[in-house]
Amino acid sequence: PPTTGVITATAGNECGTVTDDILVTVNPLPEINDITEEQFICLGDTVDLLANATDFDQLTWSNGTNGPVNTVIPDSTQSYNAIAINLCGTDTAGVDVNVNTPPELTTLAGEQDICEGESATLAVQAANEDSFSWSTGEATDSITVAPVQTDTFIASATNECGTVDSSFAVNVLSLPAYSVVDGAQDICEGDTISLSVDPDMGNDVLWSTGSTDTSVQVSPTVNS
């Protein structure tokens, strides 16, 4: 608190003396006694910063907030200063708010179509992660898989701000197949026969004659 005192001034000559009491008030400097300790938050989080001060006329923050509480949502690591002001001067104290970003996954080799019996390589690049793994249990950036049927594989990266997943389907395509409708036959020389097949799942057909139809008419010779 201010210190108050009285100082007496005396003046005199041959005619006498005169005295006067002068009141002197000593005001203290402002002081920030306490401020929130260093903070660690995740991107998008809100944090309240608190400064306790004495002997101030105004308490403000470096980001423009007035008062003891400063609510901030920084998008990167920032430092905030609390400033206590009175007619005698200022006092400043600072606090750092460290912003941690969530993990990220960048796809290098994702969803693929393969044929039965083949393998596929899936690859991602992780950033800001504390741990990383695939749904197969492997923890390398890339994995090679050979599913017997269509399957989905998941890459997961985790840190204190959460988990991010990326899913990749590996589609296993069946080998081409067909059913014979009109096949081997006995004919006489000069006769014409019809040969036909029924391809599965819309598979393309190619005959040795060059035809791509599902059926062909042929007239083989004895030596054919």
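Me: Which residue in E19 stands opposite Leu195?
Reply: A word on terms comes before the case. Helices (H or I, at least four residues) and strands (E, at least two) are DSSP runs, numbered from the N terminus. Two strands pair if DSSP finds at least two bridges between them. Here, Leu195 stands opposite Val216 in E19. Strand E18 (residues 193-199) and E19 run antiparallel and are joined by 4 bridges. This is a predicted model, in which local features need pLDDT of at least 70 and side-chain atom pairs count only at pLDDT 80 or more, while totals for chains, interfaces and linings use all residues. Residues are numbered from 1 along each chain as its sequence is written, and side-chain values use heavy atoms, with hydrogens and water left out.

Me: Is Tyr178 buried or exposed?
Reply: The classes are set by relative accessible area: buried means under 20%, exposed over 50%, partly exposed in between (1.4 Å probe, protein chains only). Tyr178 is exposed because its relative accessible area is 55%. Tyr178 is found in strand E17.

Me: What does Tyr178 touch, leaving aside its neighbours within four places in sequence?
Reply: Contact means heavy atoms within 4.5 Å. By that rule Tyr178 is in contact with Val197, Asp198, Pro199 and Asp200, its neighbours within four places in sequence left aside. Tyr178 and Pro199 are 21 residues apart along the chain, yet their C-alpha atoms are separated by 4.0 Å.

Me: What is the pairing in the open sheet of 4 strands?
Reply: The pairing is mixed, and the order is E11-E16-E15-E13. Strand E11 (112-115) and strand E13 (131-134) are the edge strands, each pairing on one side only. From one strand to the next the twist averages 20 degrees. A parallel case is E11 with strand E16 (residues 162-173), paired over 4 bridges; there, Ile114 stands opposite Val172 in E16.

Me: Where is Asn128, and which residues does Asn128 touch?
Reply: Asn128 is in the loop between strand E12 (120-127) and E13. With residues up to four places away in sequence not counted, Asn128 touches Thr101, Pro102, Pro103, Glu104 and Asn159. Its relative accessible area is 37%, so Asn128 is partly exposed. The C-alpha atoms of Asn128 and Asn100 are separated by 8.5 Å, with the two residues 28 apart along the chain.

Me: Which residues of strand E5 are on the covered face?
Reply: In a regular strand the side chains alternate between the two faces of the sheet. In strand E5 (residues 47-54), Val47, Leu49, Ala51 and Ala53 make the covered face, and Asp48, Leu50, Asn52 and Thr54 the uncovered one. Strand E3 (residues 31-35) pairs with E5 in the antiparallel sense over 4 bridges, with Ile35 opposite Ala51. E5 and E7 also pair in the antiparallel sense over 4 bridges, and Leu50 has Val69 in E7 as its bridge partner.

Me: What does Thr71 touch, residues up to four places away in sequence not counted?
Reply: Thr71, in strand E7 (residues 69-72), touches Thr46, Val47 and Asp48, with residues up to four places away not counted. Thr71 counts as partly exposed because its relative accessibility is 48%. From Thr71 to Thr107 is 36 residues in sequence and 37 Å in space, C-alpha to C-alpha.

Me: How many residues lie between E8 and E9 in their hairpin?
Reply: The hairpin of E8 and E9 has 2 residues between the strands. Strand E8 (residues 78-86) in this structure runs antiparallel to strand E9 (residues 89-100), and 9 bridges join them. Among the partners, Ala82 bridges to Ala93 in E9.

Notes
Axes fitted to C-alpha atoms, helices over the stretch in contact; angles between N-to-C directions.
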